[in-house]
Amino acid sequence: MALPDNSSGVPVEEPPFPEIVELNVGGQVYITRYSTLTSVPDSLLWEMFSRKSTKGLARDTKGRFFVDRDGFLFRYILDYMRDQQLVLPDHFPERGRLQREAEFFNLPELVKQLAPRISKQNSLGDEGCQSDPEESSPSGDTARNLATLGAAAAACASLVPGAGGEGKRSGFITIGYRGSYTLGRDSQTDAKFRRVARIMVCGKTSLAKEVFGETLNESRDPDRPPERYTSRYYLKFTFLEQAFDKLADAGFHMVACNSTGTCAFAHEQTDDKIWTSYTEYVFYRE
């Protein structure tokens, strides 16, 4: 078998990065080509992966390059770097946060595409209410066109907080949690009460975001339109009273609750028992 000719004796320098690169962005793993990461000159990823050495780049426990940013929004950043085109799902609710991520990764063209478009016909930008009525004719169609414009204005007003009343929509929000606690032989000893792992949020997307804001984790259902319902959101904190306070501040009142529980022995040679339960609280705002 013929060996590669290296008659010059000069050692061949291997590239510092492989052709296929693994990234850990905020806990989400991405696998992409090296050429994709360096496709936009002067971007943050281009600066990271154009260097001659991997020293100084953070890595996780499995050796993947680590970036401490929103792991779920990064997929749109990576999609843009593949072909420099922005494609978002319908009713995308995270446009502002994605623009902030684009600014962090130094992608000015993407920032421009995400910026709200303000025109004379529509001062709310491309996320506001738009109307494109037919040109009015000198006949009796004028009244119909005016009615159409009035309906469009009313629809826009209903979407602006504080317009046409308090701007708060009625509806239900259900929060639930699965808790556990351990009791020893003496029920007053070593009681670990209500260990809450995660607080789930069910209801209309727009209501959940209004009440919980940045404390709402949407990672399991990121593209849900605002008028649709979801049961996959959960909170970034684990204190029920904090959730109750936010619901009360938003004008919600508890109307129902239910709970189920089971008991199991933690150890065969002791009387320690583990109680697990699932509890739901239903809140309503008129």
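**Salt bridges, cores and surface of a predicted chain**

Arg-69 has a relative accessible area of 23%, and this residue is therefore classed as partly exposed. This value, like the others below, comes from a predicted model. The side chain of Arg-69 forms a salt bridge with that of Glu-101, with N and O 2.9 Å apart. The two partners come from distant parts of the chain: Arg-69 belongs to the loop between β3 and α3, whereas Glu-101 is in helix α4, and 32 residues separate them. Glu-101 is buried, because its relative accessible area is 5% and the limit for a buried residue is under 20%.

In total, 13 salt bridges are found in the structure. One of them joins Asp-60 to Arg-64, whose closest N and O atoms are 3.0 Å apart. Asp-60 is buried, with a relative accessibility of 17%. Arg-64 is also buried, and its relative accessible area is 17%. A salt bridge also connects Glu-227 and Lys-204, where the closest N and O atoms are 3.6 Å apart. Glu-227 is in the loop between β6 (216–217) and β7 (229–235), while Lys-204 is in strand β5 (residues 195–204), so this pair ties together parts 23 residues apart in sequence. Of these two residues, Glu-227 is partly exposed at 42% relative accessible area, whereas Lys-204 is buried at 18%. Elsewhere, Asp-70, Glu-94 and Arg-97 are linked in a salt-bridge network.

The chain as a whole contains eight helices and nine strands. Of its 286 residues, 31% are buried. Among contacts with a separation of 6 or more, 60% are between residues 24 or more positions apart. The accessible surface of the chain is about 18600 Å², and 52% of this area is supplied by carbon and sulfur atoms.

In soluble globular proteins, nonpolar side chains tend to be buried together. In this model, the largest nonpolar core consists of 29 residues, and the residues with the most contacts inside it are Leu-23, Leu-45, Phe-49, Phe-74, Ile-77 and Leu-98. Two or more residues of this core come from each of β1, α2 (44–49), β3 (65–67), α3 (74–83), α4 (95–104) and α5 (108–114). The most is given by α3, which supplies six residues. Another core lies apart from this one; it has 21 residues, including Ile-173, Val-211, Phe-212 and Ala-250.

Helix α4 was then considered separately. The buried residues in this helix are Arg-95, Leu-98, Gln-99, Glu-101 and Ala-102. These residues lie on the same side of α4, because they cover an arc of only 160 degrees around its axis. An α-helix has 3.6 residues a turn, so residues three or four places apart point the same way. The cover over the buried residues of α4 includes α3 and α5.

Most residues other than glycine have a negative phi. Just after α4, Asn-106 has a positive phi of about 55 degrees. Asp-42, which is not glycine, also takes a positive phi, near 70 degrees. This residue is part of the loop between α1 (34–37) and α2, and Asp-42 is partly exposed, with a relative accessible area of 48%. Gln-84 likewise has a positive phi, near 55 degrees. Gln-84 belongs to the loop between α3 and α4 and is partly exposed at 35% relative accessible area.

Some nonpolar residues are on the surface. Ile-20, Val-29 and Ile-31 make up a nonpolar surface patch, and together they have about 270 Å² of accessible area. Ile-20 is in strand β1 (residues 20–25) and is partly exposed, with 44% relative accessible area. Ile-31 is in strand β2 (residues 28–33). Its relative accessible area is 54%, so Ile-31 counts as exposed. Ile-20 and Ile-31 are 11 residues apart in sequence, and their C-alpha atoms are 6.9 Å apart in space. Leaving out residues up to four places away in sequence, Ile-31 touches Ile-20, Val-21 and Glu-22.

Conventions. Residues numbered from 1 in each chain as written. Predicted model: local features only at pLDDT ≥ 70, side-chain atom pairs only at ≥ 80, totals over all residues. Heavy atoms only, no water. Patch = residues over 30% accessible without salt bridge, like charges linked within 9 Å, V, L, I, M, F, W, Y side chains within 5 Å. Areas by Shrake-Rupley, 256 points an atom, 1.4 Å probe, with all protein chains shown as cover. Salt bridge = Lys/Arg side-chain N within 4 Å of Asp/Glu carboxyl O. Helix = DSSP H or I, 4+ residues; strand = E, 2+ residues; numbered from the N terminus. Buried < 20%, exposed > 50% of the residue type's maximum accessible area, 1.4 Å probe, protein only. Core = buried A, V, L, I, M, F, W, Y, C linked by side-chain atoms within 4.5 Å. Arc of directions from axis to C-beta. Contact = heavy atoms within 4.5 Å.
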